[in-house]
Amino acid sequence: MSDATELHNKLAGQIVRSIVTPILESGGSRAAILVLTESVVAGVVEFCALKDDVAREEVLEALIEGARQRVEQLKRSAR
């Protein structure tokens, strides 16, 4: 596993916990987790679109496709 992959996996875990834990500890729901996640995703899409001077839709599509692939990997590894 490359250093970048290890860093990404470590950061992803930390970020997920920082989103999920406070919401669940305060009695929040899956819907509340998704709303916060949508806000984070929107901010990342906006940042990347402006930074790279590309359409927001292009960034969002790349993000969604990458997330789909990652979910499929997680499903396969859970079997």
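Helices here are DSSP runs of H or I, at least four residues long, numbered from the N terminus. The model is predicted. On that basis, Asp-53 is found in the loop between helix 2 and helix 3. Ala-55 lies in the loop between helix 2 and helix 3 as well.

The backbone at Asp-53 stands out. Its phi is near 50°, a positive value in a residue other than glycine. Most residues other than glycine have a negative phi. Asp-53 has a relative accessible area of 71%, so Asp-53 is exposed, the cut-off being over 50%. Ala-55 reaches 39% relative accessibility and therefore counts as partly exposed. The C-alpha atoms of Ala-55 and Ala-78 are separated by 35 Å. Along the chain, Ala-55 and Ala-78 are 23 residues apart.

Helix 1 spans residues 3-25 and has 23 residues. From its first C-alpha to its last, helix 1 reaches 33 Å. That span is close to the 33 Å expected at 1.5 Å a residue. A positive phi also occurs just after helix 1, where Gly-27 takes a value of about 85°.

Helix 2 covers residues 30-52, and helix 3 covers residues 56-78. Arg-30 lies in helix 2. Its relative accessible area is 66%, so Arg-30 is exposed. Arg-30 and Val-20 are 10 residues apart in sequence. In space, the C-alpha atoms of Arg-30 and Val-20 are 8.8 Å apart. Lys-75 and Arg-30 are 45 residues apart in sequence and 19 Å apart in space, C-alpha to C-alpha.

Charged side chains were examined next. How many salt bridges does the model contain? The count comes to three salt bridges. One of them joins Glu-46 and Arg-56, with the closest N and O atoms 2.5 Å apart. Glu-46 lies in helix 2 and Arg-56 in helix 3, so this pair ties together parts that are 10 residues apart in sequence. Glu-46 has 29% relative accessibility and counts as partly exposed. Arg-56 is partly exposed too, with a relative accessible area of 43%.

Lys-51 and Asp-52 also meet in a salt bridge through their side chains, at 3.3 Å from N to O. Here the two partners fall in separate accessibility classes. Lys-51 counts as exposed, at 58% relative accessibility. Asp-52 counts as partly exposed, at 45%.

Glu-72 and Lys-75 supply another salt bridge, at 3.0 Å from N to O. Both residues belong to helix 3. Because Glu-72 and Lys-75 are three residues apart there, about one helical turn separates them. An α-helix has 3.6 residues a turn, so residues three or four places apart point the same way. Glu-72 is partly exposed, at 35% relative accessibility. Lys-75 is partly exposed, with a relative accessible area of 41%.

The surface also carries a nonpolar patch. Which residues form the nonpolar patch? Leu-36, Val-40, Val-44, Leu-60 and Leu-63 do so, with about 320 Å² of accessible area together. Helix 2 and helix 3 each supply at least two residues of the nonpolar patch. Helix 2 gives the most, with three residues. Leu-36 lies in helix 2. Leu-36 has a relative accessible area of 33% and is partly exposed. Patch residues need over 30% relative accessible area, so Leu-36 passes that cut-off.

Rolling a probe the size of a water molecule over the atoms shows where empty space is left. The largest pocket holds about 890 Å³ of space. Its lining draws two or more residues from each of helix 1, helix 2 and helix 3. In total, 22 residues line the largest pocket. Which residues lie nearest the centre of the largest pocket? They are Ala-12, Ile-15, Val-16, Ala-67 and Arg-70.

Notes
Residues are numbered from 1 along each chain as its sequence is written. This is a predicted model: local features need pLDDT of at least 70, side-chain atom pairs count only at pLDDT 80 or more; totals for chains, interfaces and linings use all residues. Side-chain values use heavy atoms; hydrogens and water are left out. Patches are made of residues with over 30% relative accessible area and no salt bridge: like charges are joined within 9 Å, nonpolar side chains (Val, Leu, Ile, Met, Phe, Trp, Tyr) within 5 Å. Accessible areas come from the Shrake-Rupley method with a 1.4 Å probe; for residues, only the protein chains shown count as cover. A salt bridge is a side-chain nitrogen of Lys or Arg within 4 Å of a carboxyl oxygen of Asp or Glu. Buried means under 20% relative accessible area, exposed over 50%, partly exposed in between (1.4 Å probe, protein chains only). The expected span of a helix is 1.5 Å times one less than its number of residues. On a 1 Å grid over the protein atoms alone, a cavity is a set of points where a 1.4 Å probe fits but cannot get out, and a pocket is an open set with protein on both sides within 12 Å along at least five of seven lines; lining residues have an atom within 4 Å of a point. Grid points are joined across faces, edges and corners, and a volume is the space filled by probe spheres set on the points.
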